[in-house]
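Keep the sequence and the structure side by side as you read.

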Amino acid sequence: MPAALPPITAIICTYRRPEMLRRAIRSVQSQTFENFQICIYDNASGDETAAVVAELAERDSRIKYHCRPENIGAAANYGEAMKDVKTPFFAFVADDDLMLPNFYEAAMQAFAEQPNAMFFAGSFLCLTLEGNKHGGVAYDAEVLMPPAGVFKFIEADMHPCLHGTMLRREVLNNCGEMGRVNLWSDRDWLCRIAACYPVITSPVECSIFTIHNLDKGRQVEIDHAWQEQESIAKSLQPLLDEASNRRLEQIFHRIIRDNTYFLGIELLYSGNFAGARRGAEKIRAEYGTFWQPLTLNFLAGLLETFPFIRKFLSSVRDLRPYLKKQTDRPLVLPYDTLMDIYNQRKY
């Protein structure tokens, strides 16, 4: 007779971060609530990832390893991992982050007290690779009835991070899968859940998220980012009443406008002046706003005319990681060191 499944599946999707993965696994193993399994989905790393996991799994039978035969992309790796969940609860763990020891215990206690809640979001702290504080989110102790959770997360810009939440398996059947949008797909998915079910927020710090410059993805285009954010708003519309949709529309107008402006600034740094001007055009055409398009167009003209200014600003920004001793291959602080930094409040 097969052994009974534990109540929690910890999902770790990873790609070529073996040392960070080691400490992420360690952080799950150190949970005060010990009844879980760790399922690792390697996106065909082709490096020492398999050896690191094998070493840990030899001493802990709760660790299960799955290696994709080829890289299927991060979103697909997450999506396929979710299909394998058989336990009543599951939680994602990023391979570069850490779960604090009381996370699972706090979440399970909250679910026991709120049997209708679909996900638990704990407060979290952001640290740089060197262990310096870089923000975070501190929640109040609340049970947010739908759709209050949507507005808490969007209006107050206090989105829970997917890797700091625990969810009931029912959400996979009742709220659809993650990945309807390419950018911010986790925000879209968690907001859809919050639009339909009670959600729990907790002041208990449950996670440490790592801020670094190791992810160097492709540049996001203005039109793509605009469409993705509109898609999130549209995915929520069928789940909300008319008054809530009007409120949501006003909030998203502000968010899309401001995000487009800041993306335009990023494009200026990279020399994509046409992209920045495209952002200015969309803001002006959609909202009739004056100062943001004016600023983008002025800076585009200035940096295009005097390219040495952009090169200087870009050089300063590119040097920041090195001035802080953060390079493309940084020293990854081990689990015990980071926990000492956290426990002693040395950040």
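**Helix packing and salt bridges**

Helix α9 (residues 242-269) packs against helix α11 (residues 291-305) at an angle of about 5°, and their axes are 10 Å apart. That makes α9 roughly parallel to α11. Angles under 35 degrees count as roughly parallel, over 145 as roughly antiparallel, 65 to 115 as roughly perpendicular and the rest as oblique. Axes are lines fitted to C-alpha atoms, for helices over the stretch in contact, and angles run from 0 to 180 degrees between N-to-C directions. Helices (H or I, at least four residues) and strands (E, at least two) are DSSP runs, numbered from the N terminus.

This is a predicted model: local features need pLDDT of at least 70, side-chain atom pairs count only at pLDDT 80 or more, and totals for chains, interfaces and linings use all residues. Residues are numbered from 1 along each chain as its sequence is written, and side-chain values use heavy atoms, with hydrogens and water left out.

Which residues in α9 and α11 meet? From α9 come Arg257, Asp258, Tyr261, Gly264, Ile265 and Leu268. Their partners in α11 are Trp291, Gln292, Thr295, Leu296, Leu299, Ala300 and Leu303. Contact here means heavy atoms within 4.5 Å. By class, the contact of α9 with α11 has 8 nonpolar, 3 polar and 2 charged residues. Ala, Val, Leu, Ile, Met, Phe, Trp, Tyr, Cys and Pro count as nonpolar, Asp, Glu, Lys and Arg as charged, and the others, Gly among them, as polar.

Now turn to the salt bridges. The structure holds 16 of them, each a side-chain nitrogen of Lys or Arg within 4 Å of a carboxyl oxygen of Asp or Glu. One of them joins aspartate 95 to arginine 17, at 2.9 Å from N to O. Aspartate 95 lies in the loop between β4 (89-92) and β5 (98-99), and arginine 17 in the loop between β1 (8-14) and α1 (18-29), so the pair ties together parts that are 78 residues apart in sequence. Both aspartate 95 and arginine 17 are buried. Buried means under 20% relative accessible area, exposed over 50%, partly exposed in between (1.4 Å probe, protein chains only).

Aspartate 188 and arginine 192 also form a salt bridge, with the closest N and O atoms 3.2 Å apart. Both lie in helix α7 (residues 185-196), 4 residues apart, about one turn of the helix. Aspartate 188 is buried, and so is arginine 192.
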